[in-house]
Protein chains: 2
Amino acid sequence: MSQIDVRALLRHQPMFHQLSDAQIDALAPGVREVRGQKSQVVFHRGDVCEGLYLVVYGRVKLSISSAQGVEKVIEIIQPGQSFAEAVMFLGTPCPVTAQFLEDGLLLQVEASAIDRAMTDDPAFARRLLAGLSMRLHSLIRDVERYSIESSTQRVLGYLLQYADPEQGAQQVVTLPVNKNLIASRLNLTPETFSRVLHQLSDAGLLAVNGRDITLLDLDKVRAFGCG
Amino acid sequence: MSQIDVRALLRHQPMFHQLSDAQIDALAPGVREVRGQKSQVVFHRGDVCEGLYLVVYGRVKLSISSAQGVEKVIEIIQPGQSFAEAVMFLGTPCPVTAQFLEDGLLLQVEASAIDRAMTDDPAFARRLLAGLSMRLHSLIRDVERYSIESSTQRVLGYLLQYADPEQGAQQVVTLPVNKNLIASRLNLTPETFSRVLHQLSDAGLLAVNGRDITLLDLDKVRAFGCG
DNA sequence: CGAGCTGTTGATCTCAATCAATCTGAGTGG
DNA sequence: CCACTCAGATTGATTGAGATCAACAGCTCG
């Protein structure tokens, strides 16, 4: 019964969308369910992982910590996304710590199962490569942000991610998590993040109401972000 | 004749080490030689690439530039390494600019050839995945450096990369490129990089002589790097 | 020689971090 | 229903690391 359950869950994961039922069946024995509560740790930095993780529901944060205990969020993994692929392929210790942001369910797929699927279906390998490539690009984007953009530009860049160019010039972005986490994600202190939002609000570019942020003029916001 | 040449070059690339002669032969038609001189641009940020690049000799820098023209080196690609894989798999515009650091020779392998090799040989796909995974981890390391390490820690971390733990407590590291480039790689200005080296030299941790840097006590350097 | 890199040194400035106080609102329990 | 708590968020004052600006030294190479 848990087996049937797992297969259904697997079938709904974007990563496995193009796999046949037979391939999903072959995968299932190598899958372990991982349930966790808010703030529970999936693995610590330095642990060895035997397989990649898929998020069924709940969110997971990947973070690093300095020797002084300052924590820095690298990424927030949403349902349908995966993590720890790179660690699985390399067999090296995890460079980050993974922790539930809220109660959730993960599937851990062991390396041998992925290997089998890759051998059976080259398109699956391609999908994995595309996934890692996207991750890579977003990390390059992060490096770029941290190294050559100001705090204001980082905040605007972040907000613009969530803006839909198709929609009107004015639109509301709701922050997916609390401001402390976003500040960390942007490599800012919560204080600075708050100040930047206020300053942009004073400049008439946006309006803040709790976690809802209204971009008042998309074009102006874009122009500001590039200045 | 150029064909024979290309095959020999391909055979010597780490990425293709486990391929059979027949697979190399199959690859060859999809390969283009790219010769370039120092400071010549391979592709600009925003260009679309039709395939990945292998460095036969010479070195290539990947960099980004801010709107204000500040350049930031993301990575320095050495002979035997590859770049632009992620762009190839995604078909998206390049997020970085690639430029020869000295006269060199690249091989551009078009996506279809890579696809064929992946289908023929699942182990090749695995090797590609491992390569991207390593790239990913080193970028995480970069993000970590930029976000939670001080300039001194970044410099020491960089130098320690080149130190051999097996060797004695004292060893010489020769910088692979000029100090301006390394400073950029570490997200420092050349001025700050120079000052940090001096300060470490004053502290008795190392001695600087042009591009040769002698780490005087590896353990102390490690301890300092973690402080 | 002088032009042009590469690297060093000094003075100053600036952005964001830090430290500290306060505020808000959503629970929690009496 | 209200007092209490406590995490999240804001605001102000101060600090500091590293950038910036500027001058200059050493060198290689035409």
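**Exercise 1.** In this predicted model, find what a polar side-chain atom of A:R195 lies close to, and how DNA strand D is surrounded.

*Solution.* Start with the atom pair: a polar side-chain atom of A:R195 is 2.8 Å from a base nitrogen of DNA strand D. The most comes from helix 8 of chain A, with 4 residues. Now widen the view: 15 residues surround DNA strand D, and A:R195, A:H198, B:S151, B:T192 and B:R195 are the closest.

**Exercise 2.** Which parts of DNA strand D do B:S151 and B:E191 approach?

*Solution.* Take B:S151 to begin with: a polar backbone atom of this residue is 2.7 Å from a phosphate oxygen of DNA strand D. Then turn to B:E191, where a polar side-chain atom lies 3.1 Å from a base nitrogen of DNA strand D.

**Exercise 3.** Describe how chain A and chain B meet.

*Solution.* Count the residues: 42 of chain A are in contact with 42 of chain B. Then consider area: the two chains bury about 3,700 Å² between them, with 75% of it on carbon and sulfur atoms. Finally, check charges: the interface has 4 salt bridges, including one between the side chains of A:E144 and B:R45 (2.8 Å, N to O). On the side of chain A that touches chain B, helix 5 of chain A gives the most, with 20 residues.

Note on methods:
Residues are numbered from 1 along each chain as its sequence is written. Chains are lettered from A and ligands numbered from 1 in the order in which they are written. This is a predicted model: local features need pLDDT of at least 70, side-chain atom pairs count only at pLDDT 80 or more; totals for chains, interfaces and linings use all residues. Side-chain values use heavy atoms; hydrogens and water are left out. A residue is near a molecule or strand if one of its heavy atoms lies within 4 Å of it. A polar contact is a pair of N or O atoms within 3.5 Å; within protein, one must be able to donate a hydrogen and the other to accept it, and residues adjacent in sequence count only if both atoms are side-chain atoms. Helices (H or I, at least four residues) and strands (E, at least two) are DSSP runs, numbered from the N terminus. Contact means heavy atoms within 4.5 Å. Buried area is the accessible area (1.4 Å probe) that two parts lose on being put together, summed over both.
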